[in-house]
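Trainee: I would like to learn how to read a model of this kind, one feature at a time. Could you take me through it?

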Amino acid sequence: MDEEQKDHLKSYGIAFWVLKNQQEVDWLLNYRGGSFMMKYDKNIEDECKIRGVSYQVIADAAATQIITEVSDPSVNMDLVKLQKAPKMAVYSPKSKLPWDDAVTLVLKYAEIPYEVLYDEEVIKGDLPKYDWLHLHHEDFTGQFSKFYAAYRYAQWYNDDVKSQNAMAKKLGFQKVSQMKLAVAEHIRDFCAGGGFLFAMCSGTDTFDIALASSNTDICGPMFDGDAVDPAAQNKLDYTQTFAFQNFQLDMNPESHQFSNIDVTPTRQVERTRDFFTLFDFSAKWDVVPSMLTQNHDKVIKGFMGLTTAFNKNRLKPGVTIMGEMKTGNEARYIHGEFGKGQWTFYGGHDPEDYQHAVGDPPTDLKLHPNSPGYRLILNNVLFPAANKKKQKT
């Protein structure tokens with residue numbers, strides 16, 4: 001999985017395919033870019049050839065030597081066993097909206113199977129059937145991604161508002177914001193019970209904002225038919241959130257911002273200088289973040305989104321920053337625990353489309369088979385399959 005790999009992204013699909021066929025995979029942390037090793041099987045070799053994935057067949061003695069090398073206490077490497085393919089779910093609307101989701105794009109490209117569910121399935125209690133949940137570009141506050149100012153006359157926007165209101169009524173809620181809060185609470189409980197949550201773009205901060213504002217109304221009349229609670233800011237309960245605290249809401253309906261968690265409006269970074277750096281964790285002591293940051297490149301190209309990056313001053317104590325732009329005081333890739341489960345938030349919309357706009361065509365991952373930004377997503381896909389040691393630091 002170093003620079004010699006022709007298709008890093010499809011390599012994860014091979015690892016997942018092996019797990020689906022009831023075979024184990026050894027994930028060699030920090031060994032040649034975080035390589036995968038498994039017992040030889042001609043079917044696996046054939047699958048690598050079909051999918052265009054680079055591989056090497058090695059003798060048992062060479063495999064033993066590699067295990068000895070990564071196990072050496074003096075090197076920053078380790079071996080983690082992947083034992084069972086996680087059951088994957090993507091929280092995404094069934095209707096087509098004029099943007100694409102990086103996670104579903106890469107899952108399809110890597111040929112990793114997943115099921116789509118949305119508000120109705122979540123409210124009905126389907127989440128415990130799954131091991132891993134991704135939150136697509138979403139607004140859990142009930143403000144329809146704050147697209148009102150720019151798109152309130154667009155057909156797709158009005159269709160989405162109508163559809164969401166109809167579903168809220170069907171499920172017994174008076175407002176979309178109440179339905180989305182209930183969904184967020186189900187997702188919180190899923191994670192508390194041992195589930196793995198991965199979110200990108202506005203699926204990150206709006207999730208926490210919804211949980212924090214459960215006892216107040218932060219939606220203007222154009223969103224839910226009645227006025228904002230003038231005391232909403234003071235009624236926020238940060239004890240309910242996963243990652244963020246002490247944030248200030250932006251309740252201006254003409255603004256695209258939800259709060260000052262996201263640094264998009266204040267960041268002054270030229271595209272040519274927009275990069276973030278992955279932390280170099282101890283593979284033997286900090287196994288979880290080491291898995292989530294496996295890559296052939298430690299400097300990742302930045303990319304924007306409705307939520308681009310997180311203000312480090314708004315992070316809760318205990319949140320692990322795995323990728324940051326230090327000069328901008330912004331975190332791009334963060335992780336934490338909640339109950340028995342774990343979550344990862346990744347800022348930005350599409351790692352290979354710097355400023356993905358509404359209506360832009362989807363990214364063709366055939367043109368980006370070695371994308372380090374997309375690799376971070378796939379690290380999270382395999383994460384629940386691992387037999388992990390407890391983090392020490």
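**Reading a helix, a sheet and a loop**

Mentor: Just after α4, glutamate 111 takes a positive phi of about 60°. Before going on, please note that this is a predicted model, in which local features need pLDDT of at least 70 and side-chain atom pairs count only at pLDDT 80 or more, while totals for chains, interfaces and linings use all residues. Residues are numbered from 1 along each chain as its sequence is written, and side-chain values use heavy atoms, with hydrogens and water left out.

Trainee: How many helices and strands does the protein chain have?

Mentor: Helices (H or I, at least four residues) and strands (E, at least two) are DSSP runs, numbered from the N terminus. By that rule the protein chain has twelve helices and 13 strands.

Trainee: What radius of gyration does the protein chain have, and what would a compact globule have?

Mentor: The radius of gyration is taken over C-alpha atoms, and the globule rule is 2.2 Å times the number of residues to the power 0.38. For 393 residues a compact globule would come out near 21 Å, and the protein chain, at 21 Å, agrees with that. Its C-alpha atoms fill a box of roughly 70 × 40 × 40 Å along the principal axes.

Trainee: Is helix α4 enclosed or open, judged by its buried residues?

Mentor: Buried means under 20% relative accessible area, exposed over 50%, and partly exposed in between, with a 1.4 Å probe and protein chains only. In general, an α-helix has 3.6 residues a turn, so residues three or four places apart point the same way. In α4 (residues 102–110), eight of the nine residues are buried, so the helix is largely enclosed by the rest of the structure; among them are Val103, Leu107 and Tyr109.

Trainee: What covers the buried residues of α4?

Mentor: Contact means heavy atoms within 4.5 Å. The cover includes the helices α1 (8–20), α2 (42–51) and α12 (372–382), together with the strands β4 (88–91), β6 (132–135) and β7 (196–200).

Trainee: Which way do the residues of β4 point?

Mentor: In a regular strand the side chains alternate between the two faces of the sheet. From β4, Met88 and Val90 point one way and Ala89 and Tyr91 the other, and all are buried. In β6, Trp132 and His134 lie on one side and Leu133 and Leu135 on the other, again all buried, which leaves both faces covered.

Trainee: How many bridges join β4 to β6?

Mentor: Two strands pair if DSSP finds at least two bridges between them. Four bridges join β4 to β6, and these strands run parallel, with alanine 89 opposite leucine 133 and tyrosine 91 opposite leucine 135. On β5 (residues 115–117), β4 has three bridges, also parallel, and there valine 90 has valine 116 as its bridge partner. Further along, β6 and β7 pair in the parallel sense over four bridges, and leucine 133 stands opposite leucine 197.

Trainee: Is phenylalanine 244 buried or exposed?

Mentor: Phenylalanine 244 belongs to the loop between α10 (221–224) and β8 (275–278), and it is buried, with a relative accessible area of 0%. Leaving aside neighbours within four places in sequence, its contacts include Thr204, Tyr238, Ile261, Phe310 and Phe345.
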